[in-house]
Amino acid sequence: MYKTIGLAKEIESPENPGALEKRVALIPEDVRKLVDFGCEVFVEFGAGEGVGFSDEEYIEAGATLQDNEELYKGKDLVIKFKGPAMESIPLMEPGSTMFCMAHFSSFPKRAKLLEDSRINIVAMEYVVQSPEKIPNDLILGLMAADNCLEKDIRRAGVSGVEFHVIGYSERMSGAVRRFMDHSPKNVMLHPADVSFEELGSLNRNSVIVYDSLSFDDLNKIIPKIKEGRVFDIHSFVKDHGKEALSYYRKVNLAPKFGKRKIEALHETGRAGARYGLELLKEQSPKKKSPQDAVAVILGYGNVGMGAIDECYRNGVRTIHVLGKDQTQKGIIEDYLKDADLIINGAEQPVHLRGVNYLVTKDHAKNLLEDGSVVIDLVGGSATNRSAVEKVIECTYLTDPYFEEDGILFSALWGWPMMGFMRETAIKYSGQIADILIGEDKLINGLDNLAAGVEKALVCGKF
């Protein structure tokens, strides 16, 4: 069992130039849980001050304060949000463990030093659910979409169908994911107060999807729709929800591994979209407000859905969601040429990184309008490239965006730092504490790791 635990302050490190990352891995409330569990917890002076947690609060939680050099010495486990500074590594005891966002592939020199120093590293970004757990609302959205799709699949397939999705919620995000899985012609998101005229030219292949539980006012425009179909998710859930949930869980046995357990992916998408809208309004020569902007989102996973959510909250009236089919060469160009804000949330497999680019240098130079904004939520490094060709390295808070060929690019390392620091610190802390003393019991050491944690041991066991 890890008896002595050090909670380190975020200082300048390879992914934290200027030490502008202020979050702390554990808030006082969760430190108290570790103390009550029987651990001796040491906290670096000022560790939580950047997100509003004082040293006094940590002392009241039962921790002992130490300076930076003392903090790393003689501890069974050191917990830190970002990876360690290079100079901190020699302070640790060989055979001790660090629990942090390690990002080994992006910082190979640090990875090599940790290995040479015989430091066990459990990478927070690789701890996953085991088995997978899916929220009911997400499942209901998936099942409602399946019901909506039946007519199109039976008739001629979905490739020619245009989905107009009105509003955003977790349930609606499930529907969008399922629509995108079937490679439709287009998926557009509209705000709740969309007018009939804003829906554009509807035809027999148009499907308007809404949720009458949330948007009663849509009944004013539904009677005007003469072409295409209208599908109300709430009606499906009201009539078939319990049956659908039971059927889904019976037929779809939970995979052994699910999504990340330590994450703020939705907040990452929201932060990136918010900053992109800010750049578009304040730094771009277009000077466009969100209401006048056309947004294109690449990818529809958790990060992409966060970007969609933020665009929706800010009143963006035209949001295109692109999946694998829509991002192919010769097709993606039709979406990019009219876009004001392009947000990449598509994370490609390792063998395609640095080989296949979705937003290319040629797009930036010859297709995108001057003043367009490209936000890369995936980021990476020269050895771990993203799908945006102009982005070779992540940007940082010290210099968050750059301009090339008249286009504004940003690929911030740690997007939630842009306006979500305290909220995500609290969220991460609860997740980290749960990994330590919840069902995974990382606190018991490396000998009997839970399946979802074992994948995260990227260095060791020493």
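A pocket here is an open set of grid points, on a 1 Å grid over the protein atoms alone, with protein on both sides within 12 Å along at least five of seven lines. Keep that in mind as we walk through this structure, which is a predicted model.

With that definition, let's look at the second largest pocket, which holds about 510 Å³ of space. Its lining is made up of 24 residues, and G323, K324, T327, Q328 and L358 are the ones that lie nearest its centre. Two helices show up in that lining with at least two residues each: α10 (332-336) and α11 (361-366). Sorted by class, the lining residues split into 8 nonpolar, 10 polar and 6 charged.

Rolling a probe the size of a water molecule over the atoms shows where empty space is left. How many cavities of 30 Å³ or more does a search of the whole structure find? The search turns up 1, and the largest cavity has a volume of about 40 Å³. Its lining consists of E15, N16, P17, L20 and E21, together with Y396, L397, W413 and M417. By class, that gives 6 nonpolar, 1 polar and 2 charged residues around the largest cavity.

Next, the sheet. Ten strands make an open sheet with mixed pairing, and reading across you get β10-β9-β7-β8-β12-β11-β13-β14-β16-β15.

Zoom in on one pair: β8 (residues 186-190) and β12 (residues 318-322) run antiparallel and are joined by 2 bridges. Here L189 stands opposite I319 in β12. Helix α9 (residues 302-313) packs on the sheet as well, touching β8, β11 (294-298), β12 and β13, and its direction makes about 165° with that of β11. Another helix, α8 (residues 265-282), lies across β13 (341-344), β14 (373-376) and β16 (407-410), and runs at about 160° to β14.

Finally, the charges. Side chains of opposite charge can pair when their charged atoms come close. Taking a salt bridge as a Lys or Arg side-chain nitrogen within 4 Å of a carboxyl oxygen of Asp or Glu, the count comes to 31. One of them links D30 with K33, whose closest N and O atoms are 3.1 Å apart. Where do D30 and K33 sit relative to each other? Both belong to helix α1 (residues 28-37), and because they are 3 residues apart there, about one helical turn separates them.

Notes. Residues numbered from 1 in each chain as written. Predicted model: local features only at pLDDT ≥ 70, side-chain atom pairs only at ≥ 80, totals over all residues. Heavy atoms only, no water. Pairing = 2+ DSSP bridges. Helix = DSSP H or I, 4+ residues; strand = E, 2+ residues; numbered from the N terminus. Contact = heavy atoms within 4.5 Å. Axes fitted to C-alpha atoms, helices over the stretch in contact; angles between N-to-C directions. 1 Å grid on protein atoms, 1.4 Å probe; cavity = no way out; pocket = protein on both sides within 12 Å on 5 of 7 lines; lining within 4 Å. Points joined across faces, edges and corners; volume = space filled by probe spheres on them. Nonpolar A, V, L, I, M, F, W, Y, C, P; charged D, E, K, R; others polar.
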